[in-house]
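Thanks for coming, everyone. Let me put the sequence and the model on the screen, and then we will walk through them.

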Amino acid sequence: FQGMQIHTVWIVPVSGKVACLRIKPGRGVCGKAFESKETQLVKDVHAIPDHIACDDASNAEIVIPLKKPDGTIIGVFDLDSVTTGFWTEEDKKGLEKIADILVAGCNWEMLNHAYTTAK
C-alpha cells in the first residue's frame with residue numbers, strides 16, 4: 001500500500017485449506033513472487049525446499065504478483081493444482097492478464113484507507 005513498507009504478505013483463502021495467514025516476502029512461492037515481482041510457475045512443488053503447503057494434495061502452483069502501474073506489489077494471486085506440471089506458459093500469460101484487469105478494476109486507495117483505519 002502507498003507509503004507503507006511491507007514486511008508481511010497476508011494469505012487470504014478463497015477456497016481450499018490455509019497453510020498460514022502471514023509469510024515474509026521471499027519465503028515460499030508466494031513470498032518469492034511478491035519479492036521478485038515476477039510470476040512463479042512451479043511444475044512440482046515438492047522440488048521447492050521452502051514450499052509452504054496449503055494442502056498435501058497440491059503438486060503444482062502458479063503465483064502471479066498483483067502490480068499497480070507504478071510497480072508497487074499489492075498482493076499475489078495464488079493457484080494450486082493436484083496435477084504435477086499442470087500450469088503452462090500459456091496459463092501464465094493468461095493469468096497475468098487477469099491479474100492486470102483485477103488491479104486496474106480495484107480502488108486501491110479506498111482499500112488502503114480501510115486497511116490503515118482498521119488497525
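First, a definition: buried means under 20% relative accessible area, exposed means over 50%, and partly exposed is in between, with a 1.4 Å probe and protein chains only. Now the ground rules. This is a predicted model, where local features need pLDDT of at least 70, side-chain atom pairs count only at pLDDT 80 or more, and totals for chains, interfaces and linings use all residues. Residues are numbered from 1 along each chain as its sequence is written, and side-chain values use heavy atoms, with hydrogens and water left out.

The overview. The protein chain holds 3 helices and 5 strands. Helices here are DSSP runs of H or I with at least four residues, strands are runs of E with at least two, and both are numbered from the N terminus. Along the sequence the pattern reads β-β-α-β-β-β-α-α. Of the 119 residues, 29% are buried. Contact means heavy atoms within 4.5 Å. Among contacts between residues at least 6 apart in sequence, 47% join residues at least 24 apart.

Next, helix H1, residues 28–36. Its buried residues are Gly28, Val29, Cys30, Gly31, Ala33 and Phe34. Lys37 follows H1, with a positive phi near 65°.

Now the sheet. It is open, has 3 strands in the order S3-S4-S5, and pairs antiparallel. Strands S3 (40–42) and S5 (73–81) stand at the edges with a single partner strand each, so one side of each has no neighbour in the sheet. Neighbouring strands are turned by 10° against each other on average, direction ignored. Pairing requires at least two DSSP bridges between two strands. S3 and S4, residues 60–67, have 3 bridges, in the antiparallel sense. Leu41 stands opposite Ile62 in S4.

On to Ser81, in strand S5. Is Ser81 buried or exposed? Buried, with a relative accessible area of 8%. Leaving out residues up to four places away in sequence, Ser81 touches Ala57, Ser58, Asn59, Ala60, Phe86 and Trp87. A polar atom of the Ser81 side chain lies 3.0 Å from the backbone nitrogen of Thr83.

Helix H2 next. H2 lies across S3, S4 and S5, and runs at about 35° to S4. For that angle, axes are lines fitted to C-alpha atoms, for helices over the stretch in contact, and angles run from 0 to 180 degrees between N-to-C directions. H2 has 17 residues and reaches 24 Å from its first C-alpha to its last, close to the 24 Å expected at 1.5 Å a residue. The expected span is 1.5 Å times one less than the number of residues.

Which residues of H2 are buried? Leu95, Ala99 and Val103. They cover an arc of only 80° around the axis, which puts them on the same side of H2. That arc is taken from the directions from the helix axis to the C-beta atoms. The face turned away from the buried side carries exposed residues: Glu90, Lys93, Lys97, Ile101, Ala104 and Gly105. At the start of H2, a side-chain oxygen of Thr88 comes to within 3.3 Å of the backbone nitrogen of Glu90.

Last stop, Leu95. Leu95 sits in H2, residues 89–105. Leu95 counts as buried because its relative accessibility is 12%. Apart from neighbours within four places in sequence, Leu95 is in contact with Ile62, Ile64, Phe77, Leu79 and Trp87.

Terms used:
A polar contact is a pair of N or O atoms within 3.5 Å; within protein, one must be able to donate a hydrogen and the other to accept it, and residues adjacent in sequence count only if both atoms are side-chain atoms.
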